[in-house]
Amino acid sequence: MKRTWLLGGALALLSSCAPLQGAQKPQLRGLWVDAFGPGFKTPQEVDRLVADARKMNVNVLFAQVGRRGDCYCNRAAMPRTNDPAVPEGFDPLADLLVKAHAQGLQVHAWIITTALWNSAAPPPDPEHAFNTHGPAAQGRANWLTQKKDGLNRAGADWVLDPGHPDAAEYIRNMYASVVKNYDVDGIQFDRVRYPDGSPAGGPLEWGYNPTALERYRAETGAVGTPEPGDSQWAAWRRQQVTNLVRETALAVKAVNPRLSVNAATITYGEAPTTEEGFTHSRPYTEVGQDWLTWVREGYLDVNVMMNYKRDFVPVQAEWFRGWNAFAAQLLRQSPQVAQVSGSAAYLNDQNSSVSQARQALRTGLSGWALYSYRTPDREVNAGRRTQADVWPELSAKFTARTMPFELPAPWPAPAADTLRAVRGSVSGAIPGGREVRLLDACSGEVLDSTFTDGAGRYGFLRVPATQVIVQVGAQRTAAVTIQAGQVVAMPPLALP
């Protein structure tokens with residue numbers, strides 16, 4: 001059944017609803033609900049969350065179903081969480097979906113993409129990936145990223161290496177398993193990058209997993225161990241993250257083209273003013289996150305910037321405005337990808353959060369999101385007040401007359417007819433790092449290009465409505481025409 005996500009009124013099928021008098025234009029109003037405290041861990045918490053979100057005229061819940069190699073659900077590739085706050089047998093995601101959908105709220109499955117574990121005590125489940133592919137694992141079985149000096153822990157976290165083909169496959173399957181087993185409205189990547197801990201502005205110091213390094217040498221012909229600032233090595237690592245986003249997006253869209261694929265993206269420091277300038281930004285150089293390419297190539301339906309700045313600190317307020325302006329520029333150039341500014345309520349007072357929402361929406365962005373439901377202002381974050389005290393106050397401010405969320409607003413699912421995608425794979429002695437070209441079958445014009453991941457996979461999500469061919473080296477597929485709403489699997493290509 002198709003849902004229209006309009007709060008405060010009866011739900012109707014999109015295909016049959018007449019225009020509503022005075023209806024608001026689509027605007028994403030997101031709420032991050034993390035799993036590091038109360039939120040949706042019991043039936044009672046779910047009831048309260050849904051009621052609170054609806055009262056604030058929120059329309060999208062980013063629910064953290066995957067924290068570190070686990071799932072707040074009972075049916076996924078990751079083991080069920082061992083969080084003692086979750087009653088035995090209770091499925092938080094399933095309960096949230098039923099109750100949220102009944103109130104017209106979307107639920108997007110937010111998963112920390114690369115974080116694996118952060119406790120000195122190992123997970124009790126022997127099948128948890130930390131126990132099978134963590135620091136005790138040897139050779140290719142070890143999936144952890146590390147620095148050149150061998151450090152394999154980023155702060156308290158052990159982190160999966162995007163350049164390890166088996167780790168990337170595991171991550172892709174995490175998301176795919178959730179969308180196959182639950183009626184979620186979308187997925188959200190978080191920490192889909194290399195860890196923090198490199199110098200501000202780079203170079204990126206992570207990515208030295210031995211298996212990833214072997215791949216890099218085989219695919220590029222490089223010898224020895226590259227320095228962190230080596231430009232070829234930096235570009236290769238960024239491409240591994242981009243491959244991971246692309247292949248997961250294709251896997252999700254193959255299940256349902258109307259599922260939303262979005263990412264919580266980094267906005268460290270000063271914002272760029274041009275696309276070329278983005279290649280010198282901290283997200284690009286410091287953590288290997290090239291989210292500009294994800295927007296250009298249509299790997300995302302929604303880019304949710306983690307624009308976490310203090311409104312009352314002048315330099316941070318300027319950074320906040322700068323990133324909003326950059327996103328608004330991207331929205332004009334790539335209108336198929338929504339641009340949302342996410343604010344850190346936990347760093348701000350309530351009036352500052354309202355101010356930031358106003359600024360983002362006046363810039364012309366597609367919406368605004370609040371982090372987080374558990375810590376709705378800095379007083380709660382500091383332990384001086386409780387969430388239960390502050391949330392009604394913040395909600396009342398947002399929904400008051402002339403305020404950002406005064407009236408309910410819809411946020412539609414992605415239209416299936418905007419998707420035309422192909423995916424495929426190559427085999428050979430070195431399947432990864434191969435350039436793949438999408439060609440116009442009639443003219444031979446190169447329409448787009450990408451690189452295979454460590455398993456030899458490739459894909460394109462913005463294929464024109466014409467006959468196309470995929471070429472890798474001297475090998476070509478037959479010509480195909482992709483129909484709207486399709487993710488077409490191309491025949492495998494065997495390479496020397």
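Me: Is Glu-435 buried, partly exposed or exposed?
Reply: The scale calls a residue buried under 20% relative accessible area, exposed over 50%, and partly exposed in between (1.4 Å probe, protein chains only). Glu-435 has 37% relative accessibility, so the label is partly exposed.

Me: Before we go on, what kind of model is this?
Reply: Residues are numbered from 1 along each chain as its sequence is written, and side-chain values use heavy atoms, with hydrogens and water left out. Local features need pLDDT of at least 70, side-chain atom pairs count only at pLDDT 80 or more, totals for chains, interfaces and linings use all residues, and the model is predicted.

Me: Which residue meets Glu-435 in a salt bridge?
Reply: A salt bridge here is a side-chain nitrogen of Lys or Arg within 4 Å of a carboxyl oxygen of Asp or Glu. The N to O distance for this pair is 3.9 Å. The partner is partly exposed, with a relative accessible area of 37%, and it is Arg-437.

Me: How many residues apart in sequence are the parts tied together by Arg-75 and Asp-91?
Reply: Their side chains meet in a salt bridge at 3.7 Å, N to O. Helices (H or I, at least four residues) and strands (E, at least two) are DSSP runs, numbered from the N terminus. Both Arg-75 and Asp-91 lie in the loop between strand S2 (60-66) and helix H2 (92-102), so the pair ties together parts whose separation in sequence is 16 residues.

Me: What about Lys-148 and Glu-227: how far apart in sequence are the parts they tie together?
Reply: The two side chains form a salt bridge at 2.4 Å, N to O. Lys-148 is in the loop between helix H3 (129-133) and strand S5 (158-159), while Glu-227 is in the loop between helix H5 (210-220) and helix H6 (231-255), so the parts tied together are separated in sequence by 79 residues.
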